[in-house]
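Please look through the structure below before reading on.

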Amino acid sequence: MLTVRGISRSFGDHKVLDEVSFDVRPGRMTGFLGANGSGKTTTMRIVLGVLAANAGTVSWQGQELTPQTRPDFGYMPEERGLYPKMKVRDQITWLARLHGVDRETAQRNTDQLLEELELTGRAGDRLEELSLGNQQRVQIAAALVHEPAVLILDEPFSGLDPIAVETVLDVLRKRAASGVPVLFSSHQLAIVERLCDDVVIISKGRVVANGSREELRAKHAGSRYEIVVSQDAGWVRDVPGARILELDGPRAVFEAEPQQVLRAALERGEVRSFTPVVPTLDEIFREVI
Amino acid sequence: MARASFSQATWLVAEREMKTLVTTKGFWIGFAFTIVGLFALTVLPTVFGGDDPKVAAVGSAVQVVQGKELDVREVGTVQEAADLVRADDVEAAIVPDGAGIKVLALNDAPGDVVSQLVQAPPVELLDASAVNSGQRFVTVLVFGLVFLMFGMGGAAIAQSTVTEKQTRIVEILVSTVPVRALLAGKILGHTILTLGQVVVLALAAPIALRVAGLGELLGVVAPALGWFIPFLMLGFVLISSMWAVAGALVSRQEDLGSTMGLVMIAVMGPYFGVQFFFENPVVLKWMSFVPFTAGVAMPVRLFAEQAKPWEALLSLGILAVTVVTILLVASRLYTNSLLQTGARVKLSKAWAPAE
C-alpha cells in the first residue's frame, strides 16, 4: 500500500498542498480528482520523489520512501513527452532498461505491450510519425514496460478517443487486477465514475473527500429517494416532513423518511419503482469543492 | 525489481546520446569537414606552392640557370624574354648583362628566383629550434581548429538537454534515475564520441603529413599531439558540463541562444587567444596555465619546445581540478533547473537550494 500522510508544500508564499493524506491500496484503481491548480500534479511529483515536500511523508509498504526504498514507479506525466526522433520500440525498451530491466525482458515486455495497445505495426516508426492518440498509447507503454510496483498516471485518458480509452482501460485494469496500486488523476468524472474503486478529491491543496466510491456515494446520498407510481405523484408533498425536489407526473424525487412515503404510496395504489437516489461523482465533486 | 545502478543508468544515457548523434547527418558532415579541412591545411600549400618558378633565359644566361630549381624556357632575344614577362607567362627573365646576368621582372623583385641565383652565406642559429615559425603557425591553427570544432560540437549536449525539457520526457527520466546520472551519461557519451573522432584524426594526421611531404615534421608533432589529446579531452569535459547547464536553463530550443553565449566565449576564446598571441611567449605561457586556454596553448608551447613536461603536468593538474569543480557546480545548476519550465532560469535561482 502507498500511504501519503500530512504532505504540505509551498512555492514561495503560495501554499499548494496543505496536509494531504490518503492511501492507494493494492489491486485498486484510485481516482484522484480536483480542479485545475488544485495540487494534483504537485502531489504526484512528491509521491514520485521528483519534488520534495516541506512536511509529511510518503510510505510504501509501511516504510518511508527514500531514494533507496522507492518502489519502481510507472509514471505518466501530465505533459506528455518522449523522444520525438526515437523509434517507438527502441524508446520503450530503452526506458525499461533505465529502470533496471535486463535487455531481453525489456524487449519481450515492449513487444507484448505494443501488441496489447495495438501498436505492433508502428514499432519501427519514429514517435513523431505517429498520430497524437497513438503517441499517447506509447506513453502508456512507457509507464508500464518495466512492470512497475505502483502506477502513477496524470490524466491518462485526456486526448484519447473512446476506442483508445477502452484499450487503455483494459491494460490498466489488468495491472490493477494483478495487485498493483494505481493512482490516476482525471477531470473526466464519467470515466472516473466507471473505472475507479477509490476516490480522493482534492480542492485548493486539501483533501476534501476520500474513500471507496460506494462509501462516498452512500455518505453523500442523504435521504433522497425517487418514486414512480401509476398516477400523479403530487400527493407526496402532503406526507409530513417530506420535501419534493422534482415532480414529473407519476415520478417524484423527494427527501423524507422513506418508509412513511412508501406506506402512503402503497395505500394509494401501485408502486412501480422506489429507489434511493445515489449522487453521481459529479454531484459529490460539486458539493465538496 | 532490481533498479539500474548509477553506472548502468549513466551508461544507458551515454549509449543513447551516442546512438542519437551518430544517426544524424550533421554529425558525419561535421566530421568529414574536419578531416577534409585537416588534409587541406597540410596538403594544399605544397600543391599550390610546390612548382618551381617559371623563368625565361637568353643566351649565356642559360648556363647560369641550369641545375637550379627553376622551370627554364630558352628564348632567342632579350625582347622575346621581356614580352613573356609582360604577358605573365613567366615570373622573370634571366638575360646576359655585360659579363654577368640580370633579372627582368614585372613590378616586384622575384625573391624566389633571385635566391636560386645567389650564393647564400651559411647561417648558424644560436637558439636552434626544431621547428620554424611557419610550422608552428600550422600547428597552432590545427590545434586551435580541432579544439574549436569539438568545443562547438559539445553544443549537441545543450540541444539534447533542451529536447528533453521541451518534450517533458525529463519528468520520466528524473523520476527514474538520479539527475547526476543523466548529466554524467550525457558528458560521457559525447566525450567518447569526441575521443573516437580525435583518434581517427590522430591516425589521419600522419597520413596527411606524409602526403604533404612533411614526413620529417611527424617526429616533431607526435609528442605535442600526445599531449594535445589529454588536454583536449579534459577541456572537452569542462566545456560539456557548461553546455549541459546552458541547455538546462531554458525550456525551448528557440531560447537556447540566450544561454549559449558564455560557453561560446569559453570555446572561441582559446582559439583566438592563441592565434593572436602565439608569437608572444609571456602571454602564451600564462594562457597555457589558464584552464580554458591551456588546451591549445600548452600543446603549442610543447611543440615549440618552450615548455617543460612538468609544466604540462602542472597545467593538466590545474585543468583536472577545474573540471571537477565545474562539474560539481554544473551538477547543482543542472539539477535545480531541469524541472523548471517556462521562462529562462536565472543562474542565481538555479544555484539556490531547492525550496
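The paragraphs that follow describe a predicted model.

The C-alpha trace of chain A spans about 75 × 45 × 30 Å along its principal axes. Chain A has 289 residues, and 40% of them count as buried.

Next comes the contact between the chains. Chain A contributes 25 residues and chain B contributes 19 residues. On the side of chain A that touches chain B, the elements giving two or more residues are strand S6 (73–76) and helix H2 (88–98) of chain A. Of these, H2(A) gives the most, with 4 residues. By residue type, this side of chain A divides into 15 nonpolar, 5 polar and 5 charged residues.

The largest nonpolar core has 146 residues, and the members that touch the most other members are A:Ala141, A:Ile152 and B:Ala244. Helix H10 of chain B, residues 215–248, supplies the largest share of this core, 17 residues. On the chain A side of the core, A:Ile152 can be followed through its contacts. Beyond its neighbours within four places in sequence, A:Ile152 is in contact with A:Met44, A:Val47, A:Leu48, A:Phe73, A:Tyr75 and A:Leu183. Another core, of 16 residues, lies apart from the largest one, and its members include B:Ala61, B:Val90, B:Ala93 and B:Leu104.

A charged residue deserves a separate look. A:Asp154 is found in strand S7 of chain A, which covers residues 150–154. Is A:Asp154 buried or exposed? A:Asp154 counts as buried because 23 other C-beta atoms lie within 10 Å, and the cut-off for buried is 20 or more. Which residues does A:Asp154 touch, not counting those up to four places away in sequence? They are A:Thr41, A:Met44, A:Met76, A:Pro77, A:Glu78 and A:Ser185. One of these, A:Met44, is also in contact with A:Ile152. A further pairing concerns A:Glu79, which is 75 residues from A:Asp154 along the chain. The C-alpha atoms of A:Asp154 and A:Glu79 are separated by 8.5 Å.

Terms used: Residues numbered from 1 in each chain as written. Chains lettered and ligands numbered in written order. Predicted model: local features only at pLDDT ≥ 70, side-chain atom pairs only at ≥ 80, totals over all residues. Contact = placed C-beta atoms within 7 Å. Nonpolar A, V, L, I, M, F, W, Y, C, P; charged D, E, K, R; others polar. Buried ≥ 20, exposed ≤ 12 C-beta atoms within 10 Å, placed from the backbone. Core = buried A, V, L, I, M, F, W, Y, C linked by C-beta atoms within 7 Å.
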